[in-house]
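Subject: Structure handover

Hi,

Here is the structure I promised to pass on to you.

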Amino acid sequence: MSEPLLKVRGLKIGATVYPPGEKPHDIDIVHGVDFDVQKGKVLGLIGESGAGKSTIGLASMAYGRGGVKITGGEVWVNGRDIMQSGLGDIRKLRGGEVTYVSQSAAASFNPAKKIIDQVVEAAVEQNKFSRKEAEDRARVLFDKLGLPDPQNIGDRFPHQVSGGQLQRCMTALALCPEPDLVVFDEPTTALDVTTQIDVLMAIKEAIRDTGVAALYITHDLAVVAQVSDDIMVLRHGNMVEYGPVDQIINHPQEEYTQALVSVRSIDHEEKAPSGDPVLSVRNITARYKGTQFDVLHNVNVDLYPGQTLAVVGESGSGKSTLARVITGLLPPREGEIEFAGRTLSSDLAGRSPEDLRELQMIYQMADVAMNPRQTVGTIIGRPLEFYFGMKGAEKRKRIIELLDEIELGEDFIDRYPAELSGGQKQRVCIARALAAKPKMIICDEVTSALDPLVADGILKLLLQLQKIEDVAFLFITHDLATVRAISDSIAVMYQGKVQRYGGKNQVLSPPFDDYTDLLLSSVPEMRLGWLEEVIANRKMESAGN
Amino acid sequence: MPLIVKLLAQRIALGLILLLLVSGLIFVGTMILPGDVAQSILGQSATPEALENLRAELGLNDPPLQRYIQWLGGAMTGDLGTALTSGADITASIAKRLSNTLFLAFWAAIIAVPLAIFLGLLAVRFKDRWPDKLISAVTLASISIPEFLIGYVLMYLIAVKLRWFPSVAMINDSMSLGDKLSAIALPVTVLTLVVLAHMMRMTRAAILNVMQSAYIETAELKGLNGFQVIFRHAFPNAIAPIVNVVMLNLAYLVVGVVVIEVVFVYPGMGQYLVDHVSKRDVPVVQACGLIFAAVYIGLNMVADVVAILSNPRLRHPK
Amino acid sequence: MKNIPISAMIGLFFTALYFLAAIFAPLLAPYGMAEVVGDVWEPSRIEIMLGLAPDGVTEANYWLGTDNIGRDLLSRMIYGGRTTIFIATAATILSFTLGSVLGFFAAVAGGWVDQALSRFVDLVMSIPTLIFALVVLSVMPVTVPVLILVMGLLDSTRVYRLARAVAVDIEVMDYVEAARLRGEKTAWIIFREILPNALSPLVAEMGLRFIFMVLFVSTLSFLGLGIQPPEADWGGIVKENKDGIVYGIPAALMPAFAIATLAISVNLVADWVLNRTTSLKGGRG
């Protein structure tokens, strides 16, 4: 085999951290990894947050963010060890031989300059093309990446195009200088799922057509499986498993990889509705104060005792607004909420303590859902005190019971939120909601900010608690895998309307309406060749129309 | 009408309304006194008749709103009334002194602004190294000492011990520009020191804020050199915050001038204001207060206008 | 105590020293405040030690020399510090209480209350503080209570802005929403959810406001519109002795040293308090 394009040996990366109130000290982020990228091949780097995957990607351009620096090992690009290169050679490498696509194109484009100027800048600066050639090349790339009006879109400013389009512009920016290697750093993570698939397709086709090699960094194994030839699984700065994509997806050797592959394959049987609904949302139409358009249009859903209703939709679908209406934070313009057989006051101030107790809420960001100045004991204890008047030993006993239910020990009682991990924080929030002995809990994207394995743990815990406590969940999420794992019934929301509503099996079985079809077919599946199938299907459909 | 024109019109209208309200506030501020102006001019021993005559003469018996409207109408047409203590025309007295003050502030700004921006850039370039730390330390020291003390320390060291420049800054029309500049060298130095620290610190913060943006990383990853990164990508986005810093500090300079003029016995607006505050000469105080406030509001308005004009989202709407 | 950095220790030490000197001024000052003890501008022991004294002078009776009418400068500095620190402290307390109470109230109440208060504060802040103070003092009798009132009220606008901004930031946190959804009363939300999280930035700001007050009252006294003679304060001492500068007599520079060391000390303490806030480990760190 010929000399690889990118050869990394024993790469060690460290950083100096400045924790407030402590002395600055050095930490290791990456503890020595080896990998190769051959010409025209794609290596996927996958791992949870803190695995060091972005850091490795940037190290291939001899770049470190903040105080990050390469502390050992070799990085060979095109047969040169860039660790031994001077700054001038490194500048020629960056933007010429190796280019970069970041997670947030919106932040990575200079807001004060036209898109075309930024797309061609590296190509012209590295003397790869003349300005004229580079602009022609950019327009060809815009077209190839499926951007509308490829001739003129470059004359716009970054804020004048949508997020998904800007991400494709960023890809054009990376491909314009005809590099040997592109580092894609979570390029689709910030996008909605129906937008993600368009960008993913565009990237996949661009890689195939230009024959460029790539490092594709993501936390989503299903995504990386679609674009990579090889995959490297990373955890805490160490290599876990490294091999061809088929081996990693279909025959993972390591336990950690197996867990990643089987993530969110929780098997949850749909329960049939029984008894009277605990929550009935009737004809709700709502808008925010001072705005002129409705964010919810005539929404109707029911939730039965001890069951889970998943409200699923993309950003702007109105799913979180629905939660605000139900909790009384946003009084609707029309319609009413029935809860446990009574009609709730539309305004929070008009609700009885019993109403408030029986309807609890868990938030997406556990970090800001807990007062950083209160201990876990205070946080869980307050509802006990507030609703049930518990004090002293009785309260403490109940707190410990609740901690036990969320699989945390008694010694957590005196800890502060800052001393907990992300998953532990979310568990404490769950305990706080359970402390009120509610009939129903609204879960607003409670697993979205967590790594997949941690999120899995939270979902399993919620299902288990539902059995014990017989509590109903209104589960708001954008993630269809989560919906499958936890729901009994589903409401698909799109632009403020309920697009499709019913039992889980019914909603997820054909025939579909157009939007649900698009949504379901856009969710990456953990198998090889999925993206090609979708591309082929969609091409066929558009040809048929 | 394009959004940007609307925003600009709004901001300028706001400035004018603010100025009107401020004039009212200054007028009310001088009315909450326990005695009255006639009493303070004539003193405690004045006869009731004399007081009554003076009140009538000054129009103090008219309702406050009428007096305010008269005062404001006069101010807008350039008539600021007459000083109680000297009977001199205030507009004429202020005109000369205002130009002296602006002369002083102008030279301080000419030196301080480029120096502060340069040092601010230097602090960013050598962030967390010794030049940055030195600059922070000097800043801390200079915001901890009142302006007039910096003035006297320099006067003691430079004018008295080293005898480089005169210790008082007398200027008049017959002096050449060179003589004038030599006369104001010390007060200009002090004013520069006073605003430099703030401006440096704020420039540093503004540039660091821009330099930490993701698009700067993009530019670095394109293989551009430091110079290209700063001038092509950082600078266009740093203009608005830097102009903002400069305007805020010029506004601060205008206030600093008051004290420095007293220290160096400089014949400007500040000296004039302070003198007449001690003499309780209300019309002069009102007039000076209004002018200082107008300059202050005007500079703040310019800062906002530049921010609006340089915002790409407003310049190139969707 | 062991976690206090050295800079904060120095700051705390000197701040405490100045406050103690202010409290025990009558015990510490070698002479009376207005007592004429010697000739005009007698040289000081410090000058002699530093070799700055005029030629031939080898002995001095006073640590800091005497002032423009022959009063002991050290005694006047100590009494002056007492006045300056007292006025600055009182004005800071006034400005803080008023500003933070109104700021929190505006943030939690919202709506027209917030609008009315905030726009009024904008208006007052559009006039430079010193100019506004001069305008008001031109018609008010210059007494200590009036000074404290004028300084405190004008400065409370700045505290109001900070307190409101901090409270608004905390107000939108999910834990405050969670408390509202639980049915907690407004008082609980202000005192148990918002205040504990707002305290540290406010305390740090308090240090900065105090320094500003010291500089402000000194400036007013220097302009002859603050403390009136024969009472002493640091700004007034500069005014009394400023004519000596031209003859090379540094008496007017003594307050510069005092103000700068006090201000830097308080700054160091404020910096430490602010840094501590960001290293939240439940506020115990």
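How many helices and strands are there in chain C? Chain C has 11 helices and 0 strands. Please keep in mind as you read that this is a predicted model.

**Chains B and C, one by one**

Following the sequence of chain C gives the pattern α-α-α-α-α-α-α-α-α-α-α. This chain has 285 residues, and 48% of them count as buried. If you take the contacts in chain C with a separation of 6 or more, 69% are between residues 24 or more positions apart.

Chain B is built from 13 helices and 0 strands, and its pattern along the sequence reads α-α-α-α-α-α-α-α-α-α-α-α-α. Its C-alpha trace spans about 85 × 60 × 35 Å along the principal axes. Of the 318 residues in chain B, 39% are buried. For contacts in chain B between residues at least 6 apart in sequence, 72% join residues at least 24 apart.

**Where B meets C**

The contact between these two chains involves 39 residues of chain B and 38 residues of chain C. On the chain B side, the helices that each supply at least two residues are H1 (3-29), H6 (130-143), H7 (147-161), H10, H11 (269-278) and H12 (282-309). H7(B) provides the largest share of that side, with 8 residues. Sorted by class, the side of chain B that touches chain C holds 31 nonpolar, 6 polar and 2 charged residues.

One helix pair across these chains may interest you. Two packed helices are described by the angle between their axes and the distance between the axes. H12(B) packs with helix H6 of chain C (residues 129-137) at an angle of about 165°, and their axes are 10 Å apart. An angle over 145 degrees counts as roughly antiparallel, and H12(B) and H6(C) are therefore roughly antiparallel to each other. The crossing of H12(B) past H6(C) is left-handed. From H12(B), the residues that make the contact are Val285(B), Gly289(B), Phe292(B) and Ala293(B), and they meet Ile131(C), Leu134(C) and Val135(C) of H6(C). By class this contact of H12(B) with H6(C) comes to 6 nonpolar, 1 polar and no charged residues.

**Where B meets A**

The contact between chain B and chain A takes 17 residues from chain B and 23 residues from chain A. Three helices of chain B each give at least two residues to the side that touches chain A: H9 (214-221), H10 (226-263) and H13 (312-315). H9(B) gives the most to that side, with 5 residues. The class count for the side of chain B that touches chain A is 6 nonpolar, 7 polar and 4 charged residues. Helix H10 of chain B is listed for the side that touches chain A, and H10 of chain B is also listed for the side that touches chain C.

**Inside chain A**

Chain A is divided into domain 1 (42-52 + 86-261) and domain 2 (279-509). Taken over C-alpha atoms, the centres of domain 1 and domain 2 of chain A are separated by 36 Å. Their contact takes 8 residues from domain 1 of chain A and 6 residues from domain 2 of chain A. Helices H7 (193-210) and H10 (255-261) of chain A each supply at least two residues of the domain 1 side. That side of domain 1 divides into 3 nonpolar, 3 polar and 2 charged residues.

Chain A also has a helix pair to look at. The axes of helix H4 (residues 115-125) of chain A and helix H5 (residues 131-144) of chain A come within 9 Å and cross at roughly 125°, which makes H4(A) oblique to H5(A). The crossing of H4(A) and H5(A) is right-handed. H4(A) brings Ile116(A), Val119(A), Val120(A), Ala123(A) and Val124(A) to this contact, while H5(A) brings Arg131(A), Ala134(A), Glu135(A) and Ala138(A). Counted by class, the contact of H4(A) with H5(A) has 7 nonpolar, no polar and 2 charged residues.

How values were computed. Residues are numbered from 1 along each chain as its sequence is written. Chains are lettered from A and ligands numbered from 1 in the order in which they are written. This is a predicted model: local features need pLDDT of at least 70, side-chain atom pairs count only at pLDDT 80 or more; totals for chains, interfaces and linings use all residues. Two residues are in contact if their C-beta atoms, placed from the backbone, lie within 7 Å. Helices (H or I, at least four residues) and strands (E, at least two) are DSSP runs, numbered from the N terminus. Ala, Val, Leu, Ile, Met, Phe, Trp, Tyr, Cys and Pro count as nonpolar, Asp, Glu, Lys and Arg as charged, and the others, Gly among them, as polar. Axes are lines fitted to C-alpha atoms, for helices over the stretch in contact, and angles run from 0 to 180 degrees between N-to-C directions. Angles under 35 degrees count as roughly parallel, over 145 as roughly antiparallel, 65 to 115 as roughly perpendicular and the rest as oblique. A crossing is left-handed if the near helix is turned anticlockwise from the far one by less than a right angle, and right-handed if clockwise. Domain bounds come from an automatic or database domain assignment. A residue is buried if 20 or more other C-beta atoms lie within 10 Å of its own, exposed if 12 or fewer, and partly exposed in between; C-beta atoms are placed from the backbone.
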